[in-house]
Amino acid sequence: MSRVGARGKRAGARTKARIPRRALALLAGGVVALALWIYLVWSAIHFGSSARGGDDSDWWLAGAMTVGAIAALFVCMMLLVQAGRVAGVAATPPPKAPRTHGGKRAAR
């Protein structure tokens, strides 16, 4: 007489998928960089409109805010990509094949 289910399942107990702490830290950094980007873009617009109103020194500030906004957006994108890779959402690039020295002739 066979008792079905008496010995249990072959599969182990399922665990919840957890996001690694490093991915959460990278995600938080990306959100902070995004907030900084928004502030810098808003400031660049403000200083640009002020400079067009006649205040010539604000052109330098508008330019600096623009460069800062570009850098902040770049950092935001890099942090979000790294967070995706650590969390397993985005795939890591495949490793490069070893390079043979000497060209086609040495490869034969």
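**Entry 1: a loop residue.** I started at alanine 91, which lies in the loop between α2 and α3 (103-107); helices here are DSSP runs of H or I with at least four residues, strands are runs of E with at least two, and both are numbered from the N terminus. This is a predicted model, where local features need pLDDT of at least 70, side-chain atom pairs count only at pLDDT 80 or more, and totals for chains, interfaces and linings use all residues. Residues are numbered from 1 along each chain as its sequence is written, and side-chain values use heavy atoms, without hydrogens and water.

Is alanine 91 buried or exposed? I found it exposed, at a relative accessible area of 67%; the cut-offs are over 50% for exposed, under 20% for buried and partly exposed in between, with a 1.4 Å probe and protein chains only. I also checked alanine 91 against valine 81: they are ten residues apart in sequence and 9.9 Å apart in space, C-alpha to C-alpha.

**Entry 2: the whole chain.** I counted three helices and zero strands, in the order α-α-α along the sequence. Of the 108 residues, 16% count as buried.

**Entry 3: helix α2.** I compared its length with expectation, taken as 1.5 Å times one less than the number of residues. The 30 residues of α2 should span 44 Å, and its end C-alpha atoms are 43 Å apart, so the two agree. Just after α2, I noted that glycine 88 takes a positive phi of about 90 degrees.

Which residues of α2 are buried? My list reads Asp58, Ala62, Met65, Ala69, Ala72, Cys76, Ala83 and Gly84. Their cover includes α1.

**Entry 4: the core.** I looked up the largest nonpolar core, and its five residues are Leu40, Ala44, Met65, Ala69 and Ala72. Such a core is a set of buried Ala, Val, Leu, Ile, Met, Phe, Trp, Tyr and Cys residues joined through side-chain atoms within 4.5 Å. Two or more residues come from each of α1 (21-52) and α2 (58-87), with the largest share, three residues, from α2. Setting aside neighbours within four places in sequence, I found alanine 72 in contact (heavy atoms within 4.5 Å) with Ala33, Leu36, Trp37 and Leu40.

**Entry 5: a buried charge.** Aspartate 58 is buried yet has no salt bridge, meaning a side-chain nitrogen of Lys or Arg within 4 Å of a carboxyl oxygen of Asp or Glu. The nearest side chain of opposite charge, arginine 52, is 12 Å away. Beyond its neighbours within four places in sequence, aspartate 58 is in contact with Phe47, Ser50 and Ala51.

How values were computed: Lys and Arg count as positive and Asp and Glu as negative; His and the chain ends are not counted.
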